Amino acid sequence: MNAGKMRGIIRSCLAAAAAVLILAQPAGAAGTVYATENEGEETVERSSDRLITDDDRFDADAQLKYHVDSILKRTNPDEYTLQKLNDTLYSAYYYIANNELSVSELWSYVSEMKGKLEAIVPDVSVTTPTTEFLAVGDNWDTPTAGYGQQVSIVLPIINLGSEELTDLVVNPVVSNDVAVWPFEPSASGYGQSFAEIPGNPFGGNYEAGMFARRELTWQFTVREDVLTGYYALPFEVWYTKEGVRCEEPVTLTVYVYTEGKPGAGYIGGDASAVESKPRIIVTGFETDPGEVYAGDTFTVTIHVKNTSRDQTVTNVLFDMQAVESGTEANTTYAVFLPTSGSSSVYTESIAPGSEYDINIEMTAKTDLSQKPYVLTVNMKYDAGKNIDLTDEAKVSIPVLQKARYDTGDIEVMPASLSVGNQSNVMFSIYNMGKTTFYNLQVKYEADFIEGGDTFLGTLKPGETANVDSMLTAAAPSAGGTVKAVISFEDESGNPVSFEREFALDVYEEVYMEPEMPEDMMPAQPSGPNVGLIAGIAAAAVAVAAAVTVLIVRKKKKKAAALKREDDFLNGLGDDRQE
């Protein structure tokens, strides 16, 4: 056997082992993230006619493996489909390992096999996010780096949604265009992954999202031919929500300011030109009042900045467009409406490096659910000879719902009781709003009662909680008033409480000793034989009482005998007359 055939057999065995190891892991399992196709294009000249080396074969195998990983992340194939993926990947490994190809032929084959791998997986149930629940934290400043320098790019990810997200994969959107991507290509993959990011228990609360944030860090080297200015660095985030993989990734953007060599040019313009095309970016925003409730009118202030160091932007027009929503078929409307009727703001100019505040008063629709809503800022402006330049930015404004509640009539049974006994208190609590009540409980306040505290837990919108408490009377209080204090936490974690009062009469039960009539009370004796005399007197009274009873009984018997005799004689008289 010649050396060439031996190398081919060895490569085939290695390829087979790699395929088994790749697809033996569960679908969606996180593994090593290899260089993306774009990264490969940065490190390999794919149109070359030279023959491939083992390094080229390794790069091609890594591309195909990464593509299969991506398919497994986005879908949940059954065992049959998984086996077909395995067989197809193995055949590709075998073909690459045992054929002498040019570089262009190799990567043409890789592209063809990617299409075949995609065709194997049938359509599956996926979900597209309907709310903007992933956002970038504001705890990192925009870094600055010069050409040839290294810089750390941090992406703080916060989850404003209530559901937990799992199996997250984050990839920067890399480009070969120096006007789009400012960093040198890397030999290793840029992708990062992590297991989960918890849901937001308070429905869009920014502070809670920041507390549970995930921070990813990349180390990049700035290109030697980098332009001067602010680069937008987009990152795509794939995730699984409630067991279903997202159909499209969420794109999160951070920025870096780079300083190029003298004469390198500026972001937004020709790389060889000295004159730059400035950009306007949103640096932050706030609302007044700080918490926006559905149905409220509020003022939003959006801070924007002209990133150019030497050029003024003029004829600047800002247009704010809120995300649309609706509950009826074929009916949608903007969730925020400007009170003036116009959503546009105009300013004549913004100086280089200066900031400008956009102020607009808006009203939130009354029927909005409690969650963040996106407001898009469309910007159009001129800069020197460049006219009608455009930029776009988005801000997410959390909208809250006010808690609405009421109670039914309070029933107290019994409403009057003696000290030491218990009374049953019953009534209903209604959630009449669109926000959930958490840790709902009832406590009773009065000086003359004890106990009765009742914990009811969570009460969802439109539901009723029934209170059934037992109060113990601790002290007398004629016509007393008891205060029922109902408390809970809203979806933002804010405590809410209200009171209801009811009457409860508590009395002291008294036991009275029987009294003897004064004419039957014996005279109080005195002297040395007081005890004996008192005993004789008591006995005499008892005897007298017994005698009285006998006399009464004898009188009753005598009267009954006389009555019977009269009746008999009257009967004889009647017979004589007949």
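The model is predicted, so local features need pLDDT of at least 70 and side-chain atom pairs count only at pLDDT 80 or more, while totals for chains, interfaces and linings use all residues. Numbering starts from 1 along each chain as its sequence is written, and side-chain values use heavy atoms, with hydrogens and water left out.

**T376**
- T376 sits in strand β19, residues 371-383 (strands are DSSP runs of E, at least two residues, numbered from the N terminus).
- T376 is buried, at 11% relative accessible area (buried means under 20%, with a 1.4 Å probe and protein chains only).
- Leaving out residues up to four places away in sequence, T376 touches D319, M320, Q321, E392, A393 and K394 (contact means heavy atoms within 4.5 Å).

- Five strands make an open sheet with mixed pairing, in the order β11-β20-β19-β13-β17 (two strands pair if DSSP finds at least two bridges between them).
- At the edges are β11 (292-293) and β17 (344-350), each pairing on one side only.

**Around β20**
- Strand β20 (residues 386-400) pairs with β19 in the antiparallel sense, over twelve bridges.
- K380 has T390 in β20 as its bridge partner, and K371 stands opposite V399 in β20.
- The β19 and β20 hairpin has two residues between the strands, and G384 takes a positive phi near 60° there.
- β11 and β20 pair in the parallel sense over two bridges, with V292 opposite V399 in β20.

How values were computed:
Helix = DSSP H or I, 4+ residues; strand = E, 2+ residues; numbered from the N terminus. Buried < 20%, exposed > 50% of the residue type's maximum accessible area, 1.4 Å probe, protein only.
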